[in-house]
Amino acid sequence: MIKTVLFDVDGVLLSEERYFDASALTVWEILNSSNYLGLAPEKHKTDFTDEEIDHIRAKVFEQDRVLEYLKSCGLNANWDMIYLTVGYQLIRLLEQVKETEKLNIEKWVTNEMDRSVLQEIATALTGKNIALDFAALLTDFELAEASKAGLFAHLDRLAQERLGVHATVFGKKGELWSTCEHVSQEWYVGDRYVLASTGRPSVQTGKKGFLTDEKILADSQEISTLFTTLKENGVTIGIGTGRPELETIEPFKYLNWLEHFDVKNIVTADDVLAAEREFPEAPALAKPHPYTYVLALSSKKKTATECIKEAMPVPNGKETMIVGDSLADLLAAQEMGCTFVAVLTGLSGKDARSEFEKRKVEYILDSVLDVKELVLSLNKE
């Protein structure tokens, strides 16, 4: 008997494509804009066409192979993917000038790397014969542990080995990570919402954002019917997403989906970040940690402490269905003992079927719309 269905958003209800577009544009801006590393200011602008965005994304993420690799390691947050891509290229750039900038490099990589530091590095790179290599990440990370902590630790080790220093800041979420996050938010939410989203004004204005230009993974009205049918059959529905609240609520309003939900059953990255700030010594709470879904399942009645200390598997876990597209969703559901449903509308599309089959996922669906019949059939048994 399924009593609750918790949906991921990206790759399930809304396409991840716009997030990946914004991610690629973020990497491109940090590398090329004079506001940051300034490698090619003439290549940077704020109003790229879809064709130009496709070209940049194909270049930065190697026809999405970098994104697919990072997601296969259980990485679920685009900010982390951006940070690892930028951090890796930054290490490569510094390696190419380490003979002349040895002392500066040690200073830069052992202290917080905010925008002013990036501009110092930009000055050091000016006029030098340097090159980027986006494909090299796939080779250099072959020995990395397939987890968020493992990827961050591997980035740190690469920096130490390549730059000849004993310690760096690359292995943690510091100022460089925050810079990546902020530029990403500028691209995704646009000038109108960036202050509300980040608490900081835009560094580079002129971005309209993607909040009303989402790509939907099924007919909008049919998704509404899915929500209505589940509720009419006594099933509680909720959301557990790595998106921030603004980027969940605004598109849901625009698509007339928000009316189907009790907002207490919608858990976003903001809830996770708040808990991480409250408990900085706790492990990372983003998926695949089950925190997101535990909080959603409780309708936000449980405190952060209670969610973190929740005994696994959760009581009557099979009565909760988690609908996701990624390994991170699967791992969270498995730890909770919940029923997991994989949908083949994420980044890897139908190619993800073999991975889910290898992990013995019982329910693999072509579309989120198929959840309706699955739940109704299971509840008849």
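Trainee: Which residue forms a salt bridge with Lys207, and how far apart are the closest N and O atoms?

Mentor: Bear in mind that this is a predicted model. In it, Lys207 pairs with Glu186, and the closest N and O atoms are 2.7 Å apart.

Trainee: What about networks, then: which residues are joined by salt bridges that share partners?

Mentor: One network of that kind is made up of Glu17, Arg18, Asp21, Asp50, Arg57, Asp64 and Asp213. For the whole structure, the search finds 30 salt bridges.

Trainee: Which residue does Lys173 meet in a salt bridge?

Mentor: The side chain of Lys173 meets that of Glu276, with an N to O distance of 3.8 Å. This pair links distant parts of the chain, 103 residues apart, since Lys173 sits in the loop between helix 8 (148-163) and helix 9 (175-198), while Glu276 is in helix 12 (residues 269-278).

Trainee: How does accessibility look for that pair, buried or partly exposed?

Mentor: Lys173 counts as partly exposed because its relative accessibility is 36%, whereas Glu276, at 17%, counts as buried.

Trainee: What do we have for Glu52 and Lys45?

Mentor: Their side chains also meet in a salt bridge, at 3.0 Å from N to O. Glu52 is partly exposed, with 28% relative accessibility, and Lys45 is likewise partly exposed, with a relative accessible area of 33%.

Trainee: Switching to the cysteines, how many disulfides does the structure hold?

Mentor: The count is 0 disulfides.

Trainee: Why is Cys73 too far from the closest cysteine sulfur for a bond?

Mentor: The closest cysteine sulfur belongs to Cys180 and is 18 Å from the sulfur of Cys73, whereas a disulfide would need the two sulfur atoms within 2.5 Å, so the separation is too far for a bond. Cys73 itself counts as buried, at 5% relative accessibility.

Conventions: Residues are numbered from 1 along each chain as its sequence is written. This is a predicted model: local features need pLDDT of at least 70, side-chain atom pairs count only at pLDDT 80 or more; totals for chains, interfaces and linings use all residues. Side-chain values use heavy atoms; hydrogens and water are left out. Buried means under 20% relative accessible area, exposed over 50%, partly exposed in between (1.4 Å probe, protein chains only). A salt bridge is a side-chain nitrogen of Lys or Arg within 4 Å of a carboxyl oxygen of Asp or Glu. Helices (H or I, at least four residues) and strands (E, at least two) are DSSP runs, numbered from the N terminus.
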